[in-house]
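Hi,

Here is the structure I said I would pass on.

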Amino acid sequence: MNPVKLFLFSLILVTFSLDAVDQTTWAKADQLLKKQDFLSAFKLSENIIQSDPKDSFGWWLRLSSSSQLANKKGKWPEECLNSAKGHAELVPEEEPSSFTTAIWCLNQDGRYTDMVSLIPKVIPYSQKKIGNGNYGLLINVLTIAYMKLNERIKAREILYTGLTQLSGTEGAMMTGYNVGELFYDSDISMSEREKWHSLFQNNLFKENISNPLIPSIAWNTSLLTDEYVNRGKYNFAYDTISMMYPEMDPHVSGFWNFLRDQMLIKYIALKFKTKKTKEEPRRKLKMMFLVIPKTRLSEPLPNKIKQYQNIDTELSEKALSDLLLSFIYFRDSFEEITNGIHWDYDIIRTNSEIQTTNFTDESFRFVMQPSIESIKPTLSQEILDQIKTSDGVIVVWPGTKQPEGVLITNGGGTEWNYGTNSDPEIRLTIISDSNKTLASGNHANHPIFIYHELFHVLEWAYHKSNFPKKDHPYMRKNEWPRDYQGNTEWDFYSETFNKRMMTEDRMDRLYWLGRKEGFYGIKVKEEKK
């Protein structure tokens, strides 16, 4: 049932003694409420109160009927609030449930400041009056009220209070509707995440796939895991992610595929990282992070972009650290699924800038990837020599600003020779898309980003293998081979690795060091034959 409807259904009426009113009036009121003639019921309550302002039944009927009319807005939320005040004054023991009803009415009109002002009247007193389920819904609407007021710390405080009171009961789930975004706030400290993690452990409700708390639990688990990895505490990270994975995979999948893939990759990576005994890698590859910290577009922008004027930007340290974190998860999960192909990495920092991009208009988005020849100052010989020691390069650049309502993709995957024309050597090249936010659902801050861009090149390397290869085939489930399972992007990649590339040659062709020709060139030649 819709939580708002459930809240309305359960809270509009409070217990009232038949002894306090004559049977004729009670029967008439009961009939009007059953017929859902709430306007007539309200008029009846007004007549009763006009005859006797201290008639508690009249105020009860006024509250019951006005609360049912509150979704019409207009005067009704205020009438509901005033009715709650009148009834609470005459029947003090019902104050928590009366004002709980008022909060629902005010919510209908978006009066969030008024809603949170009533918290001292209802928390924690209403729990016994209205029951755990309704109390959970009360906590939920108050949490969302604070979110609407952009008071996110207070939102988490009220949620923590209510969830602590309801912890382990089914009512706890009612607190969780539409509050998951609270847990990808970047200002949450590790100690706060640890506090939430302890509370969430008792509220997984593994038998309930549709537990509304799962988005909150998943985000907090994922980002607390990152905190530990950033500190090199891999055992803590593995213990944290293991609260959810692999057992809770169906629960997370029910909400977000991209978050599910992220968490599953983290779990695979950390399971590998924390193995008590590890074999030596059967192959070592090396990735260079080439950091170009500025976008300073010097050429005239394409006509479709000119109107947005300056879209230059600068790389933030957080964008770089997020990308490195994604690479760590990629590296360790990749070594696990390939049975021993390991990636080392180094970072090359420059003071250069990107001055031109390769522009493509794909209707639903613009693609603006950096022209590597436009890097100024040009890459020194020392840097080129460092690049030649690697199998791949991740070009980390700031991308471009994203004008309101415009989607610009700045990342990609290909092969490039990096100025080695006299003695050309091809390198895997991944271009970062560093201007996306962590929780946008975009690949840029997701370990699958590296897989995604690498896979574009692996499609060329394994072009003879039997899997669909054109235009992001993971998006079109109807094209997946019959022996594939799953639904997500990661499912497609892992199936292709396990059932195609690994069975063909254990991915032994996967290297670029010293290659004079890229996989795309080889593919074109073989297809011509």
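To start with the disulfides: I counted a pair of cysteine sulfur atoms within 2.5 Å as one. Before the rest, note that this is a predicted model, so local features need pLDDT of at least 70 and side-chain atom pairs count only at pLDDT 80 or more, while totals for chains, interfaces and linings use all residues. Residues are numbered from 1 along each chain as its sequence is written, and side-chain values use heavy atoms, with hydrogens and water left out.

Searching the whole structure turns up one disulfide. Its partners are cysteine 80 and cysteine 105, with sulfur atoms 2.1 Å apart. Cysteine 80 sits in helix α5 (residues 76–90) and cysteine 105 in helix α6 (residues 95–108), so the pair links distant parts of the chain, 25 residues apart. Helices and strands here are DSSP runs numbered from the N terminus (H or I, at least four residues, for a helix; E, at least two, for a strand). The torsion about the S-S bond of cysteine 80 and cysteine 105 is about 65°, which means the disulfide is right-handed. On accessibility, I used under 20% relative accessible area for buried, over 50% for exposed and partly exposed in between (1.4 Å probe, protein chains only). Cysteine 80 counts as buried because its relative accessibility is 0%, and cysteine 105 is buried with a relative accessible area of 0%.

Now the pockets and cavities. Both come from a 1 Å grid over the protein atoms alone: a cavity is a set of points where a 1.4 Å probe fits but cannot get out, a pocket is an open set with protein on both sides within 12 Å along at least five of seven lines, and lining residues have an atom within 4 Å of a point. Grid points are joined across faces, edges and corners, and a volume is the space filled by probe spheres set on the points.

The largest pocket has a volume of about 1200 Å³. Of its 45 lining residues, Arg365, Gly411, His452, His456 and His472 are the closest to the centre. Helix α19 gives the largest share of that lining, seven residues. Among the other elements that supply at least two residues each are α15 (257–273), β6 (357–361) and β7 (366–370). The lining of this pocket splits into 14 nonpolar, 19 polar and twelve charged residues (Ala, Val, Leu, Ile, Met, Phe, Trp, Tyr, Cys and Pro are nonpolar, Asp, Glu, Lys and Arg charged, and the others, Gly among them, polar).

There are two cavities of 30 Å³ or more. The largest cavity has a volume of about 40 Å³, and His452, His456 and His472 are among the residues that line it. Again α19 gives the most to the lining, four residues.

Last, the sheet I looked at: an open one of three strands in the order β6-β7-β9, with mixed pairing. Its edge strands are β6 and β9 (408–409). Pairing needs at least two DSSP bridges between the strands, and β7 and β9 pair in the parallel sense over two. Phenylalanine 366 stands opposite isoleucine 408 in β9. Glutamine 369, in strand β7, is partly exposed at 24% relative accessibility. Beyond its neighbours within four places in sequence, glutamine 369 is in contact (heavy atoms within 4.5 Å) with residues including Trp397, Gly411 and Ile431.

Cheers
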